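Q: Please take a close look at one part of this structure for me. I would like to see that part first, and then how the whole chain is built around it.

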Amino acid sequence: MNADSAVIKELNAALKGQLTAINQTFLHARMAKNWGLEEINSHEYKASIEAMKMADDLIERILFLEALPGMQALNRLQIGENVPEMFAGDLSVHTEIRDQLVTAVDVCEKAQDYVTRDLLIHVLEETEEQIDWLETQQWQITNSGLENYLAAQMDD
């Protein structure tokens, strides 16, 4: 089944975002683990696995539409050197992903590709959940102080 070229372009852009998120959140997970911050490690690791599953779904859809997935490029990784920088970088990446997905959903609507649109809406919902989690962590750091926040993230 051949798809609209604009839909393929948006699917590959969404894939690029997920591939970026996989790499960034995985590295942040392992940094947090190294620092003894098990709660952050656990969440970031699960986020990287979820991004991998979403990338897999996007790859399968692109192949179904008889196109090739663009696996060669990533967006710029924003690796933090401390927890607040990690969260800021992740929030920036996920906000970029969300903005691209909103555009992609609109392109699919115009092309009347409702199956792809529904897939992208699912990815968008997952992305918005991650954004909400990151904003909540930033709020907690601001309101409880970094030291108290970090102490709460350590494994007992």
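A: Start with the order of the elements. This is a predicted model, and its elements run α-α-α-α-α from the N terminus on. That makes 5 helices and 0 strands in the chain.

Now go to L77. L77 sits in the loop between α2 (38-64) and α3 (83-111). Buried would require a value under 20%, and exposed a value over 50%.

L77 also belongs to a group. Together with L27, L74 and I79, L77 forms a nonpolar patch on the surface. The accessible area of these four residues together is about 290 Å².

Next, step back to the whole chain. Its accessible surface comes to about 8300 Å². Carbon and sulfur atoms own 52% of that surface. The chain has 156 residues, and 44% of them count as buried.

Look at the overall box. Along the principal axes, the C-alpha atoms fill roughly 55 × 25 × 25 Å. Contacts tell how the chain comes together. Among contacts with a separation of 6 or more, 80% join residues 24 or more positions apart.

Finish with charge. The chain carries 28 negative and 11 positive side chains. The centres of these two sets lie 5 Å apart.

Terms used
Residues are numbered from 1 along each chain as its sequence is written. This is a predicted model: local features need pLDDT of at least 70, side-chain atom pairs count only at pLDDT 80 or more; totals for chains, interfaces and linings use all residues. Side-chain values use heavy atoms; hydrogens and water are left out. Helices (H or I, at least four residues) and strands (E, at least two) are DSSP runs, numbered from the N terminus. Buried means under 20% relative accessible area, exposed over 50%, partly exposed in between (1.4 Å probe, protein chains only). Contact means heavy atoms within 4.5 Å. Accessible areas come from the Shrake-Rupley method with a 1.4 Å probe; for residues, only the protein chains shown count as cover. Lys and Arg count as positive and Asp and Glu as negative; His and the chain ends are not counted. The place of a charge is taken as NZ of Lys, CZ of Arg, CG of Asp or CD of Glu. Patches are made of residues with over 30% relative accessible area and no salt bridge: like charges are joined within 9 Å, nonpolar side chains (Val, Leu, Ile, Met, Phe, Trp, Tyr) within 5 Å. A salt bridge is a side-chain nitrogen of Lys or Arg within 4 Å of a carboxyl oxygen of Asp or Glu.
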